[in-house]
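Open the model in your viewer and keep the selection tool at hand. We will go stop by stop, with a note on what to look for at each one.

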Amino acid sequence: MSQVKPYKDTEAGKKEQVTEMFDNISGNYDALNRVITFGMDISWRKNVFKIVKKQLPASILDIATGTGDMAILYAQTDAKKIVGLDISSGMLEVAKTKTKKKNLEEVIEYKLGDAEHLPFENESFDVVTVTYGIRNFEDLEKGLSEILRVLSPNGMLVVLETSIPENFILRQGYMVHTKYMLPLIGRLFSTDKKAYAYLSESARDFPYGKKLKAIFEKVGYNKVEVLPQAGGISTIYKAVK
Ligand SMILES: C[S@@+](CC[C@H](N)C(=O)[O-])C[C@H]1O[C@@H](n2cnc3c(N)ncnc32)[C@H](O)[C@@H]1O
């Protein structure tokens, strides 16, 4: 799977490098995220939230929860158990601070952990979500299999990930944005210059649409739906256990 790594001049594996990179950028991740997507990620996240809410889940796991935006949104569902998991302690610290500010510490539990070795029993969650996380996994199929294991029977996985628009004009705009604008924004505003080059390079390299659907199916998911957002700049995938 995608082995684009943040720091090409070091020997460490993708997982170690990704963890270090997100620890480095955790402090300005939220602000840069809004700038990079022109704020559009907020409406795509809301669409994920609507799909999740409709499932009436009693338990939700948000993997690669980062700074906790999705976990915090899930506090508006009737779920009794909401867990956010991430491999970066830096990102989780930001998530915990935001959660505390909203008085939701009793509602959301955060766990430091690896998506490819989930610290949960089989069939523990009705819904699992991953927003902008799966392209950072070292072994995508292992991560997706682990999610399948912890999902309840008929449970649902909802993924939001970057994709490349099919429309020619949108596609050119997208390429200019990811190839030149994104690394420039990263260089200007981030403390980690290489991080934003990695984020855009990995976005261009990662499978999306039919290709990613085929990977979900190979791992064992059913009823996989592909829902492009804003002409395909990002895509939501729904899949059932
Ligand atoms: C681009 S951020 C997305 C954060 C958040 N979900 C969002 O939508 O803003 C990717 C997150 O994936 C986490 N991550 C990467 N690999 C992981 C793994 N194997 N297990 C758990 N989290 C991982 C990173 O630490 C980072 O917080």
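Select β4, helix α6 (residues 140–150) and β5: together they make a right-handed β-α-β unit. Right-handed here means that, with the strands pointing away from the viewer, the path from the first strand over the helix to the second runs clockwise. Helices (H or I, at least four residues) and strands (E, at least two) are DSSP runs, numbered from the N terminus.

Two notes before moving on. This is a predicted model, in which local features need pLDDT of at least 70 and side-chain atom pairs count only at pLDDT 80 or more, while totals for chains, interfaces and linings use all residues. Residues are numbered from 1 along each chain as its sequence is written.

Now colour strand β4 (residues 125–131) by burial. Seven of its seven residues are buried, so β4 is largely enclosed by the rest of the structure. A residue is called buried if 20 or more other C-beta atoms lie within 10 Å of its own, exposed if 12 or fewer, and partly exposed in between, with C-beta atoms placed from the backbone.

What flanks β4? Strand β1 (residues 59–63) runs parallel to β4 and is joined to it by four bridges; look for leucine 61 opposite valine 128. Strand β5 (residues 151–162) is also parallel to β4, with six bridges between them. Here valine 127 faces methionine 156, and valine 128 faces leucine 157. Two strands count as paired if DSSP finds at least two bridges between them.

Stay on β5 for a moment. Nine of its twelve residues are buried, so β5 too is largely enclosed by the rest of the structure. Strand β7 (residues 234–240) runs antiparallel to β5, joined by seven bridges, and leucine 160 sits opposite isoleucine 236 there.

## Zooming out to the whole sheet

Show all the strands of the sheet. Seven of them form an open sheet in the order β3-β2-β1-β4-β5-β7-β6, with mixed pairing. Which strands stand at the edges? They are β3 (108–112) and β6 (222–229); each has a single partner strand, so one side of each is left without a neighbour in the sheet. From one strand to the next, the twist averages 15°.

Strand β2 (residues 81–86) pairs with β3 in the parallel sense over five bridges, and leucine 85 has lysine 111 in β3 as its bridge partner.

## A helix pair

Select helix α2 (residues 29–36) and helix α7 (residues 168–189). They pack at an angle of about 145°, with their axes 11 Å apart. Leu32, Val35 and Ile36 in α2 meet Leu182, Ile185 and Phe189 in α7. The contact has six nonpolar, no polar and no charged residues. By this classing, Ala, Val, Leu, Ile, Met, Phe, Trp, Tyr, Cys and Pro are nonpolar, Asp, Glu, Lys and Arg are charged, and the others, Gly among them, are polar.

First, pick threonine 67, in the loop between β1 and α4 (69–74). Is threonine 67 buried or exposed? With 26 C-beta neighbours inside 10 Å, threonine 67 counts as buried. Leaving aside neighbours within four places in sequence, its contacts (C-beta atoms within 7 Å) are Ser26, Tyr29, Asp30, Met91, Val94, Ala95 and Lys98. The C-alpha atoms of threonine 67 and threonine 99, 32 residues apart along the chain, are 9.3 Å from each other.

Next, a backbone detail. Most residues other than glycine have a negative phi. Tyrosine 132, in the loop between β4 and α6, has a positive phi near 50°; its 21 C-beta neighbours inside 10 Å make it buried.

Finish at lysine 223 in strand β6, where phi is also positive, near 45°. Lysine 223 has 12 C-beta neighbours inside 10 Å and therefore counts as exposed.

Technical notes. Axes are lines fitted to C-alpha atoms, for helices over the stretch in contact, and angles run from 0 to 180 degrees between N-to-C directions. Two residues are in contact if their C-beta atoms, placed from the backbone, lie within 7 Å.
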